[in-house]
Amino acid sequence: MKIIFTLDGGLEVIDLRSVLDKFRALNMVKEINIELSPKFEIPAVMQKYDNGPVLIFNRVKNHKIPVISGVAGSRKVFMKQLNCVHLTDFYNKLLSAVSNPSRPEIVSDGEFYDHTLSSDLYKLPILTFFEKDRAPYITSGIVYAKDPDSGIQNASIHRLMLVDKNHLAIRIVPRHLYSIYQKYRVKNQPLPVAIAIGVNPLVALSASAPVPFNFDEMYVANTLLDKQLTVCKTPNTDIQVPSHSEIIIEALILPEDVEEGPFLDITGTYDEVRRQPLVEVNQIYCKRNPFYHGLLPAGAEHKLLMGLFREVKIYEHVKNVVPNVRGVNLTLGGTGWLHAVVSVSKQTEGDGKNVIFAAFSGHPSLKHVVVVDEDIDPYNMEEVEWAIATRFQGDKGLVVVSNARGSSLDPSGDQQTGLTTKIGVDATRPLNKPKEVFMKGIIPHNLNLDEI
Ligand code: MN
């Protein structure tokens, strides 16, 4: 039962400002009322509060539109929205939405139809994040495009560099949007897209759902939102977007390239300069008094939006090997993408190794994985290190795989071939020694320590 978005009239409201209202009621929002510049100042405050609360920047220098951030910045904000108390319930909800996609209701117009900013990107409070970033970047834009052969839409989040008043550059790695774009590019034609900024966090999360090509990610979002998602065409395109979007950009990805980057990405290091497609903006629509969603690169929100569904895939694959999985953590220190800790109930000797292989198959970009027993909290890195210190032997528990396909984001990987070395650490206790040898001792007492 979903009650958190129900208004008095029973109407379900799922837009971003309703989510903010809910988090406000839970004391999870901090409003910042001093005037701050979109260049470095707002990002610096975002970085300070990276582990929460949700932030609203009400006064942005030279801009009318307020900036919000952190609305997708913790597992807690997602679990609150889905009314999940236990992590495994949350994982199962995400997996179930992927296997039970549902078509969102189509409505005739969107809440963003009201206003237009013509094609002037300078009216948006686009943030400049890090010292060596080439330009301001839109980092929360969901790009919607339609495959010309099947007519099925794709949704994906891409970094968008501000080039001038009505141009952006888009970084596209060879995945779904890239495949669609290539079909236009070979004919020297522009690809029409719609870009949404400021949607329900579950809609943003669904854009990274692990689904195949020709599978509309909004169907996953609709299931997650109890089938309350409505979509509409943008005024001048045939592309459907969430009707509750705060801001919609109608644009064309042109069959020509410009220099994009440097830009600080998820690893916290600068991604190199590349030739990437140029985007021409035709029209920008927004709600009355819209919010702009600013997402700090390499921040917790970036890592979760990119990594949470991978965490869930690792969970799914590991469950094929051992039935009881306490949790999976794509760790923040491991960039939310390259390091995982998996906590399982080991049943037979060798389970730890099989869990390592399952984790790598669940998330192909994964570089290092540590497997721990169920008494170790995978989100407490000091406990994880303790398990490595007391339960791991390098000549027995280590798995090294060289020349595997890695992430292009890892600066230590081979940038030419894309190859990397993967390591698995089985830090589960061996079953041929008494369990007591490996358990932490306790201090017996009857004190209520909270009162002392
Ligand atoms: Mn896709």
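**Close-up views of a predicted model**

**View 1. Cys232 and the cysteines.** With 0% relative accessibility, Cys232 counts as buried. The structure shown here is a predicted model. Which cysteine sulfur is closest to the sulfur of Cys232? That sulfur belongs to Cys286, and the gap is 14 Å. A disulfide needs two cysteine sulfur atoms within 2.5 Å. The 14 Å gap is therefore too far for a bond. Across the whole structure, a search finds zero disulfides. Cys84 is another buried cysteine, because its relative accessibility is 11%, and buried means under 20%.

View 2. Which residues supply the protein donors of the manganese ion? They are Asn154 through OD1, His176 through ND1 and Glu217 through OE. Along the chain, the donors follow the spacing N-x21-H-x40-E. Asn154 sits in strand 8 (residues 153-157), and His176 sits in helix 5 (residues 176-185). The two are 22 residues apart, so this pair links distant parts of the chain. Are Asn154 and His176 buried or exposed? Asn154 is buried, at 3% relative accessibility. His176 is buried too, with a relative accessible area of 12%.

**View 3. Helix 4 crosses helix 8.** Two packed helices are described by the angle between their axes and the distance between the axes. Here helix 4 covers residues 87-99 and helix 8 covers residues 300-319. Their axes come within 10 Å and cross at roughly 95°. Angles from 65 to 115 degrees count as roughly perpendicular, so helix 4 is roughly perpendicular to helix 8. Which residues make the contact? From helix 4 come Thr88, Phe90, Tyr91, Asn92, Leu94, Leu95 and Val98. From helix 8 come Leu308, Phe309, Glu311, Val312, Tyr315 and Glu316.

**View 4. Ala194 and its contacts.** Find Ala194 in strand 11, which spans residues 191-197. Ala194 counts as buried because its relative accessibility is 0%. Look past its neighbours within four places in sequence. Ala194 then contacts Ile142, Val143, Tyr144, Thr234, Ile239, Val241 and Ile249. Now compare positions with Met161. Ala194 and Met161 are 33 residues apart in sequence, and their C-alpha atoms are 16 Å apart in space.

**View 5. Two cis peptide bonds.** Most residues other than glycine have a negative phi, and most peptide bonds are trans. The bond joining Gly52 and Pro53 is cis, with omega about -5°. Pro53 lies in the loop between helix 2 (41-48) and strand 2 (54-57). Gly261 and Pro262 are also joined by a cis peptide bond, with omega about 5°. Pro262 is in the loop between strand 14 (247-260) and strand 15 (263-264).

View 6. Asn62 is not a glycine, yet its phi is positive, near 65°. This residue lies in the loop between strand 2 and strand 3 (67-69). Asn62 is exposed, with a relative accessible area of 74%. Ser118 is not a glycine either, and its phi is about 50°. Where is Ser118? Look in the loop between strand 5 (115-116) and strand 6 (137-138). Ser118 is partly exposed, at 38% relative accessible area.

**View 7. Confidence along the chain.** The chain has a mean pLDDT of 94. A pLDDT of 70 or more is reached by 97% of its residues. Residues 1-11 fall below 50. Beyond near neighbours in sequence, this stretch has 22 contacts in the model.

How values were computed: Residues are numbered from 1 along each chain as its sequence is written. This is a predicted model: local features need pLDDT of at least 70, side-chain atom pairs count only at pLDDT 80 or more; totals for chains, interfaces and linings use all residues. Side-chain values use heavy atoms; hydrogens and water are left out. Buried means under 20% relative accessible area, exposed over 50%, partly exposed in between (1.4 Å probe, protein chains only). Donors are N, O and S atoms within 2.8 Å of the metal (3.2 Å for Na, K and Ca); water is not among the atoms, so sites may look incomplete. Helices (H or I, at least four residues) and strands (E, at least two) are DSSP runs, numbered from the N terminus. pLDDT is the predictor's confidence in each residue, from 0 to 100. Contact means heavy atoms within 4.5 Å. Axes are lines fitted to C-alpha atoms, for helices over the stretch in contact, and angles run from 0 to 180 degrees between N-to-C directions. Angles under 35 degrees count as roughly parallel, over 145 as roughly antiparallel, 65 to 115 as roughly perpendicular and the rest as oblique.
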